[in-house]
Amino acid sequence: MTLLHFELLGAALFCLGLYGALARRSAVLVLMSIELMLNGVNVIVVAFAAYSVRDNVTGLVIAIFVITIAAAEVALAMAIVLRLFRSRGSVNVDEIDALRG
Amino acid sequence: MALAVFYVLALVTLGGAIGVVTTRNIVHAALFLLAALGGVAGFFALLYAEFLALAQVLIYGGAVVIVILFALMLTRRGELELMDEHKRWPLAAAVSFGLFAVMAAAFTIDAASYNAEVRTSVSLDALGAVLFERWAAPFEIASLVLLVALIGAIVIARSGGRDEG
Amino acid sequence: MSWADRHALEALIYLPMLTAAVLVLTPPGARRTIHAIGVGTGLLLLIGSIYVFWVFDHGAGAATFQLTRVYPWVEQLGIDFRLGVDGVGALMVLLTGIVSFTAAIIATTAEREPKPYYTLLYLLIAGVYGTFVSIDLFFLFFFYELAVVPMYLLIAVWGSSSKFADFARTKEYGAMKLVLMLVAGSVLVWIAIIAIYVEAGIGSFDILALQAASYDGAFSDGFQRVVFPLAMIGFGVLAGLWPFHTWSPDGHVAAPTSVSMLHAGVLMKLGAFGIIRVGMTLLPSGMEDWALILFVLATANVIYGAISAMAQTDLKYVVGYSSVSHMGYVLMGIATMDALGLTGATLQMFSHGVMTALFFAVVGVIYDRAHTRDTLALNGLASRMRVTTALFVIAGLTSLGLPGLSGFISELLVFIGAFRTQPILGALGVVGAAITAVYILRLIARVFFGPRSRDWNALPDISAREGFAAGVLVVPIVLVGVYPQPFLRVIDSGVTALLRPFGGA
Amino acid sequence: MEWAWLIPVFGFAAFGVIALAGNGLPWRGRYLSILAIAAGFALFWFVLLDFIERGAGFHRFGVDWFETGGVKVAWGIIIDPLTVTMLGLVTFVALAVQVYSLGYMKGDKRIGWYYAAHSLFAAAMLTLVLADNLLLLYFAWELVGLCSYLLIGFWHERRSAAEAAKKAFITTRIGDVGLLIGIILLVVHTGTFDITEILARATNPAAGEEMSNALITGTALLLFLGAMGKSAQFPLHVWLPDAMEGPSPVSALIHAATMVAAGVFLVARMLPLFEASGDALAVVAAVGLITGLAGAALALTSTDLKRILAYSTMSHLGFMMLALGAGGFTAAIFHLVTHGLAKAMLFLGAGSVMHALDDETDIRKMGGLRRLMPMTALTFTIGAASLAGLPLLSAFWSKDEIILAVHDGLHPVYLVLLLVAVVLSALYMARAVRLAFYGPLNDAVRRAHESPKVMTLPMLLLASLTLVVGFLVLPLGGGYEGIGAFLLQPGEKAHPFTLNVWLTAASVILAVGAFAGGWRLYDKRADVVTSARERFASLHRALERGYYLDAGYQWVIDKVVMRAGSVVALFDRRVVNDRGVNGPGEGTVFAGRQLRRHVTGLFADYGVAMALGVLAIGIFLWVRVA
């Protein structure tokens, strides 16, 4: 079980998350996909920490921080989704284009 | 033996991820997410990052998925909404796959150069020491961020009523 | 160099700026004081300009650039506030003085809120003086821009729209087009200046140093062949060079009287002056390569301007197009690169400047009284507005090159120069003069002579103040026409210096 | 003689004072102007005497005017036989006309301006005659054109006067373009404006500076183009008949004696240049002949008294050009003088007729004025007879000289056509005099009365001169061997007065016969005239309307020139302006609008864009690394 496995897995997770974020119509699902992407990154980072020769702590610390920030992010995102739902009646991503040029 | 565990966990995680991304039913998506996050926690364990595995399960499994579920319930109208991809999903798929291919290629090309077999673990007190010495400042800031996010979430969610009109 | 000599040129720049500043402070209500300041400064500028022209030593031995003054500004880049004036410059300073003074007088009669009007006007004049006297490329461009920008406000706010059967020209359109095209032109000039500065590599913007560098081959022929058209077209836009001239009729028509006097009278000469100062002095071989094309375009200017003037029904449009046509002579004179041609071009700049100022002044007077510039409606004004008619006829005769008035001498010299280099194009130029005669005389016969329709019965003649301003303009026209020697001596010293790189033809 | 340049200065000064002082002067400047021209005339006599006493020849005086770019220009005067003769003619006629105008223009409120323009004209004409360099000559040439513009358009309230003035100035201006180009070409090749040097350079050039024949012919023809414009030669003659819109004294001075003679004067002054080129002279002669015939024919059909005189002027100018073409310098200039005097007097006569009949000029309405205006009738008849070529009158001698010159210099066909012209001119003169002054008294003119003394006196003076001047041809002793010896081209040998009996006899018979025939024809046999008119109806109408030339020019102006003007103006507005200038403007706005469309606001699109960006960077780095 080499570093490569973890890297590939992390990348796979990240790309699946990306696809989810780009393709799904519901804002909530987009958020979930973002969570997946973050976890993908975490896997790679922790893998590097584990397999690294010199410094195998920093990776972990970064992972911790990623998790904390992810948690905060979900909280905020959900609040926004709620507001969106209340004012628009739906959370379909396609309808949210107030910033159209 | 570890490899076998790795593959099982990989199966679980990727299956969950694919589930989140493709399922029609949102609640299933939430459960798939739970599975995927659980898989990731397993990986942390494999990499001897026990504290992280625990944190992962605790925070993601416990808090995040629950919040998502609440949001799902609040934003649903009657029956489960059937959400399918919007019309330009093939482009997204192509882009994601392309990105994956590039990343995979990048990793595999020079995998040999630093592909070590040995995994070293980090004792908890070592991790704690590092966390509170070198990384003390970011740690405090992280806590601040959490606080702000908390207050922000409340303000946004609560004030919905007032400026509705 | 007496005190006055040292500070003459600076005064010509600082004074208008000072006036602008003072005017900003004066309360808007005090119309009389504003008019007094306006005309007073105009007078001072005129005296200053005459002094500069008078004290300019045109003797054989005199230096090319006189009354020079240097204030180091940005050493690292080699930009310093360097003033100096040569034969051509001195004459242009005189022209600016005369036209500014008369424009200031005319401005008193017509404008709504005089305060901002005069402030912008004097900014414009400061820019013009700056360009004629600064011999530092950077400052030349700086003042060149300063002279263009106030035009927008002056035209857009105080201008006058004109409505025609098949097209309308609002003043905003005129103003916007004028300033946009001039700024576009100055972009080209800016590229040329930077190219010259970098290529010379002597790290200074001083024209004399650059000229020395260009003598001993700092600029390769290839470089000059590429950069010269930039300067030619860039300055050509302001000089009304043929394909880029469309802003001139629209802009002048939309502009209020005193602004179009200043603009057509002086600003268009800035363009031609620029071609001489940047093009000929610094890029001689580029000039030689492009001279024929400039010549052809200039001839197009003359013929094209004259013919389209013939078809105009609006009085100011006719004058606008005639300016395009006369600037054609200036450009043709420059393109001949011949001693006589160049002298003729410089004299034509002066004579056309004064003449167009007179033209616009008189047209302004008519517009003030008859509130229309449509030549089909106006007729038989001579019987009521006797002095105005006389002034218009004088301006008209100068434009068609009647001997005894300034137009003839300058056009003659340009033609002689032209015949020495390109006889066919020269002949076309003379034909252009004939066409000018046709449209001017048709205009005079229809608008001034002939029976008067009822509604022009109550037209008051020109007022004393406007009459005085027009009189001041007539003096140089007749003086240059009858005895041009003092003017020619000054120009000659400038021209011989300019033509040295071309083997002093 | 050195002070000869003072003569024009009087005129310029008078103009300056009257124009500036305006109505402040006593009698509004009339007498000041007359004083100026009288002084000029007096000075002429001094110059003449000094000229004769110093030996008729060639004298030059000059002062520098301006010098630039290697070309020196000076104000200088030439005193030679040609100048002196012209000085005399111009000053005398101008004086006579200005005195006459006192009566004619009495009561006109802008008389001050009239006299100002008059003195300016006289001064300009005198400068033209005296000028020693082409630039000063062109200077005066244009000024003369300007004065004719101002004086023709004197009553500018009248639309016809304004148009006539404009037409005159533009037509002469077109001729002047040729003159200017000619002068410039000469200057470019010889480096100086000075006439004598140019002529020397043209006739016997120094080694290096031969002027190519093409150049000489070219410049000569260009100068002739200018002369054609000013002297109303065919086809640039259209402005002369319309110039009658101006007051009659103006026509007398400008369109009879002086201005129109400027063209002939120019050709005479530059004759060596023309002779050097050979075929240029042929052109001059040809144009002269055509104009002579055309003018005479037009005069025959015209009914307006002043237009008849105008066409007759055109015809006689043609004869002068013909004489010059034949190399008869003396004949041409002598005819110029005699014609000038006679024609001025005829115009003054026409003026007094108009004055009496308050501007009636149609000769069909006149008749038998002899009884009511004896003085005018007498002088008019003398003038008409002289120009018709009746023997012993002045124009007869000069016409005889011209016939002689043409006989020697040109192909016989010119001589025959010239004699035809002589017949025609006799005919129309007889017609004019007979219909206007003799025969039964036409009741329409019953109210006519003789003009005041101040008008008839100058006419009498001119009439007496037309009688006397003719005899100058003969050697009258006292060192004076006839006009041939006095009026010489610089450098030409005097040729004594010769009389070719046959030619003179032939011309006398023709002239007298035609005159008498014409007289009788228009007297009783009115029917013959009307029948002749029907038979040649189309020819008649053509003649009446000046060979449709006038209409032709107008058509060209309206259709071609104006159309070109509007097309160019339209092109300028549509293409250069809307496309060239607004084009880029609108283009940028359009481009801006296109660019905005990609900002969809949808999160997904941005995500894709970001991903693509990362992808591209990845590939790029990968390619560079690999």
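Tutor: Let us begin with a definition: helices (H or I, at least four residues) and strands (E, at least two) are DSSP runs, numbered from the N terminus. By that rule, chain D has 26 helices and 2 strands. Please note that this is a predicted model, in which local features need pLDDT of at least 70, side-chain atom pairs count only at pLDDT 80 or more, and totals for chains, interfaces and linings use all residues. Residues are numbered from 1 along each chain as its sequence is written, chains are lettered from A and ligands numbered from 1 in the order in which they are written, and side-chain values use heavy atoms, with hydrogens and water left out.

Student: How many helices and strands are there in chain A?

Tutor: Chain A contains 3 helices and 0 strands, and its pattern along the sequence reads α-α-α. The radius of gyration, taken over C-alpha atoms, can be set against the globule rule, which is 2.2 Å times the number of residues to the power 0.38. For chain A the radius is 17 Å, well over the 13 Å that the rule gives for 101 residues, so the chain is more spread out than a compact globule. Its C-alpha trace spans about 55 × 25 × 25 Å along the principal axes.

Student: What percentage of the residues in chain D is buried?

Tutor: A residue is buried under 20% relative accessible area, exposed over 50%, and partly exposed in between (1.4 Å probe, protein chains only). In chain D, 59% of the 626 residues are buried. For chain A, buried residues make up 67% of 101.

Student: Which pair of chains shares the most contacts?

Tutor: Contact means heavy atoms within 4.5 Å. Of the 4 pairs of chains in contact, chains A and B share the most contacts. Chains A and C, by contrast, do not touch, and their nearest C-alpha atoms are 27 Å apart. Chains B and C are not joined by any contact either, with their closest C-alpha atoms 43 Å apart. Contacts within a chain can be sorted by separation in sequence: in chain D, among those between residues at least 6 apart, 79% join residues at least 24 apart. The corresponding share in chain A is 62%.

Student: Is D:His316 buried or exposed?

Tutor: D:His316 counts as buried because its relative accessibility is 0%. This residue belongs to helix H14 (residues 305-325) of chain D. Beyond its neighbours within four places in sequence, D:His316 is in contact with residues including D:His335, D:His339 and D:Tyr428.

Student: What does the model show for C:Val149?

Tutor: C:Val149 has a relative accessibility of 48%, so it counts as partly exposed. Its place is in helix H5 (residues 137-158) of chain C. C:Val149 and C:Leu180 are 31 residues apart in sequence, and their C-alpha atoms are 9.6 Å apart in space.

Student: Where does D:Ala232 lie?

Tutor: D:Ala232 is found in the loop between helix H8 (213-230) and helix H9 (239-242) of chain D. Its phi is positive, about 50 degrees, although D:Ala232 is not a glycine. With a relative accessible area of 0%, D:Ala232 is buried.
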